[in-house]
Amino acid sequence: MPLGSATPWSYALIRLLFRFVLKIFYGTIVIENAELVPATGRPCIVCANHSNSLTDALLLVTSMPVAKRNMLRLTAKATQFGHKTFTSWLIESAGTVPIKRRKDYANESSADNSDVMEKLIQALELGDAVCLFPEGMSRYHPTIAPLKTGVARLVSDVLSRNRDDPNFEIDVLTCSITYMHRQHFRSDVLVTFHAPITFSPKDNPELLSPVDFGNIRSLTAQMHEKISGGTLDSPSWDLIRTAKLGARMYAPLGTSMALGDHVRLVRTFLESFKAAREPEADGKDEVIHGLIELQTDLKAYQDQLVRWGIKDDRIRRPLPRHVILSRLLVRLIWSLCLFSISLPGLLLWLPVFASTFYAVHNFKKTGPIFDTWDEIAQYKLIYGLMSGLCVWIVAVVLTWPYAVVTVFLIPAFMWMTLRWFEDAVAAFRAFTALFRLLRVGKSTLRKMHDVRINLHARVMEVAVTKMGLPENPVIHFSEAGGKEKGRVRGSWDSRARYFSIKRRRKRDWNETLRLYDKVDYPDDE
């Protein structure tokens, strides 16, 4: 078996650096089925959905178990190469292969990737893993684009070149990446690897040249089914928003649920809602009409909650006025305490926040949402990394007599500041939500509670009888191993809610580092 290429030092450095940066930017990164990744020396093409530009590639690089796969050879659009920028250096240093896209060239003949394909085939024959995004381009959109046939054609070319080797095999490892809020600081990410599809000249003669293009399309469709089956693939943002509310009503806030379980639950509701909206479903039985009415009512309910600025959980469990007032006081005092102890460290974070805000603010002006918002996380990661390194170096220089200590103390202090600041923001967010409850009024909340009771009954009926979900989600997910919830591990961390050195014990996978609950997506008219 081939041994695979050696790991370049620059690649190892980038992997280490961005594993650290990604864990700071995203609150939780959950990796599922890492054991399915083929070992180094086994030719492998890694394919994933592509909705977050360079961040997708960095996530895949850092998600690969180093003990099994030493390197993932990346590909990127050729226009990102040859510039005197940190992004260009980063891409080139990681051994990335440039892909020419027809849309980037006025003359289509200039977009010749023959040499590129030859390099990829050689890398695979050496036993390397190659990363390709078969959608062809990154975009901020709820739907996975139709996959291009490049991966299937590459598999066919590799098999055809090695048709005389009876032991040659190549794997296609599909992966689904799901961002709760891809561009927002301290949101959560799920990376799910699927069982690899193995091909060989002996078992797959239909892919040997000359190949029937129908077989290429069939393999591409198989890849699309695997990738879309592990993430949220929707025709509209509104449908994802409604599916998330349905899932939250079914499994209420506080349910001990792992991120993977949460995504699969939302997807179950999403697929049911999508099926009801399909043209062939028109005029069918009452179940379809009931699902469409449920979607409409859930959307109206969510719209009203957004106008009030409160969460469904505040309606689910009505609080007496005296309890709201007492909790208001507690949340305000606690948020002020946490803000106070965070303040010295926030002075170190200020240049990082300011530089990323400035960069993203200017970048958003360069194009429409669907063409720019997928790169926001990339800009935040790179500008945050550069400004963070500058802050660290300057702080160490200013404390040079104690540099042996401060070189480690400053990053640790910035991390703990971030932890305290997260909890301060969460406490203040709870304070503002409670204050809004008082403004809405008791009688209005009681009417809304009655509306929710009706919606919850309909959601549970559909979930149990039509979707085949368990009758008691709280017990089911707690027994399904959801206690850790992908966040804190260990008894001390479990009890140290506000002072865990690992990460925040969020109750809601939808949470970000914002003073309000993020439930809406931008409209692109």
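K274 pairs with E271 in a salt bridge (a side-chain nitrogen of Lys or Arg within 4 Å of a carboxyl oxygen of Asp or Glu), and their closest N and O atoms are 3.2 Å apart. Both residues sit in helix 8, three residues apart, or about one turn of the helix; helices here are DSSP runs of H or I with at least four residues, strands are runs of E with at least two, and both are numbered from the N terminus. This is a predicted model, where local features need pLDDT of at least 70 and side-chain atom pairs count only at pLDDT 80 or more, while totals for chains, interfaces and linings use all residues. Residues are numbered from 1 along each chain as its sequence is written, and side-chain values use heavy atoms, with hydrogens and water left out.

E271 also forms a salt bridge with R267, with 4.0 Å between the closest N and O atoms. These two are four residues apart in helix 8 (residues 259–277), so about one helical turn separates them. As for cover, K274 counts as buried at 19% relative accessibility, while E271 is partly exposed at 26% and R267 is partly exposed at 23%. Buried means under 20% relative accessible area, exposed means over 50%, and partly exposed is in between, using a 1.4 Å probe and protein chains only.

## Salt bridges elsewhere

The count of salt bridges comes to 24. One of them joins the side chains of D171 and R42, at 2.4 Å from N to O. D171 lies in strand 7 and R42 in the loop between strand 1 (28–32) and strand 2 (44–48), so this pair ties together parts that are 129 residues apart in sequence. D171 is buried at 2% relative accessible area, whereas R42 is partly exposed at 24%.

There is a network as well: salt bridges link R248, K311, R429, D508, E511 and D517.

## Nonpolar cores

The largest nonpolar core has 57 residues, and L60, L72, I177 and F193 have the most contacts inside it. Such a core is a set of buried Ala, Val, Leu, Ile, Met, Phe, Trp, Tyr and Cys residues joined through side-chain atoms within 4.5 Å. Helix 14 (residues 403–440) gives the most to this core, with nine residues. A second, separate core of 53 residues includes Y301, V459, W509 and Y521.

Beyond its neighbours within four places in sequence, L60 is in contact (heavy atoms within 4.5 Å) with V46, A48, L72, C131, F133, C175, I177 and F193. W420 lies in helix 14 and is buried, with a relative accessible area of 17%. Its C-alpha is 9.5 Å from that of S335, although W420 and S335 are 85 residues apart in sequence.

## A buried serine

S187 belongs to the loop between strand 7 (170–179) and strand 8 (188–193). Its relative accessible area is 0%, so S187 is buried. The side chain of S187 reaches the backbone oxygen of H181 at 2.7 Å.

## The chain as a whole

The protein chain holds 17 helices and nine strands. Of its 525 residues, 51% are buried. Among contacts between residues at least 6 apart in sequence, 77% join residues at least 24 apart.

Methods
A polar contact is a pair of N or O atoms within 3.5 Å; within protein, one must be able to donate a hydrogen and the other to accept it, and residues adjacent in sequence count only if both atoms are side-chain atoms.
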